[in-house]
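Q: I'm new to this one. Can you walk me through it?

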Amino acid sequence: MCGFSGYLRDGGPRPGDRMAVLQAMGEALHYRGPDDQGVWLDPVADFGVTHQRLSIADLSLAGHQPMVSESGRYVLAFNGEIYNFSDLRLLLEQQNPGILWRGHSDTEVLLAALEHWGLSRTLEALSGMFAFAVWDRQDRTLALARDRMGEKPLYWGWQGATLLFGSELRALEVHPAFLRQVDRGALALLLRYNYIPEPHSIYQGIHKLQPGHFVVVRAGVHDAVPEAYWDYRAVMASGAQAPFEGSDDQAVDTLESLLSASVAGQMVSDVPLGAFLSGGIDSSTIVALMQKQSLQQVHTYAIGFDDKAYDEASHARAVAAHLGTAHTELYVSDRDALAVVPDLPRLFCEPFADSSQIPTYLVSRMARRNVTVALSGDGADELFGGYTHHRYLPRLWAGLSKVPHFLRAGAVRMASPLPLRGKLEKLRGVIDACSREALYSRTRSFWNDPAAVVLGATEPDSLLRSQSLDPTSWRFVSEYAAWVMAMEALEYMPGDVLAKVDRAAMANSLETRAPFLDRSVVEFAARLPLSLKLRDGQGKWVVRQLLYRHVPQPLVDRPKKGFSVPLAAWLRGPLRGWAEELLSEPRLRTEGYFDSEVIRHVWREHLAGRANHAMRLWSVLMFQAWQSGKSIG
């Protein structure tokens, strides 16, 4: 786990001290890789790359980056882990008997694969989480690539005559060519989803490279378009055409075999390794398979809250005791959690408003005291149907679709003056949806018309909005719940879940790994019929059956709680002064990003207790806090 950044510039006079610029870009990502820093400048082309290393495999200098290939043609900067690098190394040795190795890092294997096989074949062969930049000194081209599910981040884009790229925006901000212009359309997306989905970023001209994509760029050519080397939609289509036809027991056996292999591969590390354990289905399954394959006690970590409504530490403790892990828990008060809030703009390189970012940061900070790598259960909900709405949305649409749309729209107009609250208020916001896709889009939107709130914004298309407008391209996914899961695996998981975990963990120099996102597990999940995911009023049925083989059912069967904090109460209480300053009418008017009347009205309603607008306000507050420390346009 590391961080890298760099630039490629069109012809013309070179900037003054290129080395100093690159070193500053690297220092901006120091926390992502505190163990080593490397800088490489092309003596001919105006290209440079820097790398910050968090040493996980091959702790020697043989793993130093940026790494130059054996021939001298390629230069690689890489963030992540290649889990099958030993197999790839053996294959490369068989095909190239004279190959020479400097060490035993996965970086060197990746570089050798790129040199001997080329980009496309290498990407197809990789199993892991990764983002990398490889410079071809002969052709003077730069290739950027990102892993299949989007575990590792990669930003890129032209700023005038300079291409900038890197693991996080803060490295790009250091370069003198960076323009610092906020993309108001992306800001509207933030208000809609509480995160900014790929390929957008908060800055104009800067993109997130989408999962499963690569792009090849060269100086003077600014119209390069990313290409997919792996397509989750094609995986879903293939799974629908060739579904799993075995018995229930065979499905559980297959999942156990695949997930055990994934866990084993992700437990390889030259530094201390552990796991997050909430006591829920996903993390408990990963820890159970870890402990089963480990000769030593697995180190597990959980945080608890003094507020019992949000505390799951006792459940984690019970699972840890049954499995025999070396368990550590930390109870945090509201004061501990609130102390993180002022640091959030520093921890997240662009505005991000999933409030579970706070406990995720806290558990990462605790784990880093003892380990450098932590496995997690991320990805199971999206792949196997773990969210409550995977079950209730199909039922809701089945009922709504029986009522003609004009009647439902009329009911909304009649109910609009009524002071509804809670579930009735939510229902009023969705009952006039014209399609099942539009219904899901409504439930995922915190602001239904964010472009009316962000001044001067035109909201760009996101994957979810485009599917709501043109659902026919996904009609091969016949079940509504399967379509919802696919949307979340493609957009919500990389844009929210994985981005949150990466930033919160890397702010503590902690590497996280997600065994559920191994390619073999993802492709198996795509083949499973919905009945093996949603059954008996519960989600993740097949995962639950696997877990019950290792942990007694009563220890883990309980309603899904999520990693949440009492945000609504905080905004009316200890965070009120902080929020009031960021949302003051003079400030909103002066900065000119939001319609101050709308924001102030929502804030007043929340303070008065007439509505719970915490999640709507949090996106505005995260942007306000983020931009207050930057000179942006």
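Predicted model: local features only at pLDDT ≥ 70, side-chain atom pairs only at ≥ 80, totals over all residues.

Q: Okay. In what order do the strands of the six-stranded open sheet come?

A: The order is 4-5-6-7-11-12, and the pairing is antiparallel.

Q: Which strands are at the edges?

A: Strand 4 (67-68) and strand 12 (227-228). Each of them pairs on one side only.

Q: What packs on that sheet?

A: Helix 3, residues 106-117. It touches strand 4, strand 5 (74-82) and strand 6 (128-136). The direction of helix 3 makes about 130° with that of strand 5.

Q: Back to strand 12. How many bridges does it share with strand 11?

A: Two bridges, in the antiparallel sense. Strand 11 covers residues 213-218. Histidine 213 stands opposite alanine 228 of strand 12.

Q: What holds strands together in general?

A: Strands of a sheet pair through backbone hydrogen bonds, either parallel or antiparallel.

Q: Why is strand 14 largely enclosed by the rest of the structure?

A: Strand 14 spans residues 299-305, and six of its seven residues are buried, so the rest of the structure largely encloses it. Buried here means under 20% relative accessible area.

Q: What joins strand 14 to strand 13?

A: Three bridges, with the two strands running parallel. Strand 13 is residues 273-276. Glycine 274 has histidine 299 in strand 14 as its bridge partner.

Q: How about strand 16 and strand 17, how many bridges there?

A: Three as well, for strand 16 (residues 373-375) and strand 17, which run parallel. Valine 373 stands opposite glutamate 511.

Q: Switching topic. How much space lies in the second largest pocket?

A: About 340 Å³. It is lined by 20 residues. The closest to its centre are Gln210, His213, Arg233, Leu463 and Leu490. His213 is also the residue that stands opposite alanine 228.

Q: What kinds of residues make up the lining?

A: Ten are nonpolar, four polar and six charged.

Q: Which helix gives the largest share?

A: Helix 20, with four residues. Helix 20 (480-506) and helix 7 (232-241) each supply at least two lining residues.

Methods: Residues numbered from 1 in each chain as written. Heavy atoms only, no water. 1 Å grid on protein atoms, 1.4 Å probe; cavity = no way out; pocket = protein on both sides within 12 Å on 5 of 7 lines; lining within 4 Å. Points joined across faces, edges and corners; volume = space filled by probe spheres on them. Nonpolar A, V, L, I, M, F, W, Y, C, P; charged D, E, K, R; others polar. Pairing = 2+ DSSP bridges. Contact = heavy atoms within 4.5 Å. Axes fitted to C-alpha atoms, helices over the stretch in contact; angles between N-to-C directions. Buried < 20%, exposed > 50% of the residue type's maximum accessible area, 1.4 Å probe, protein only.
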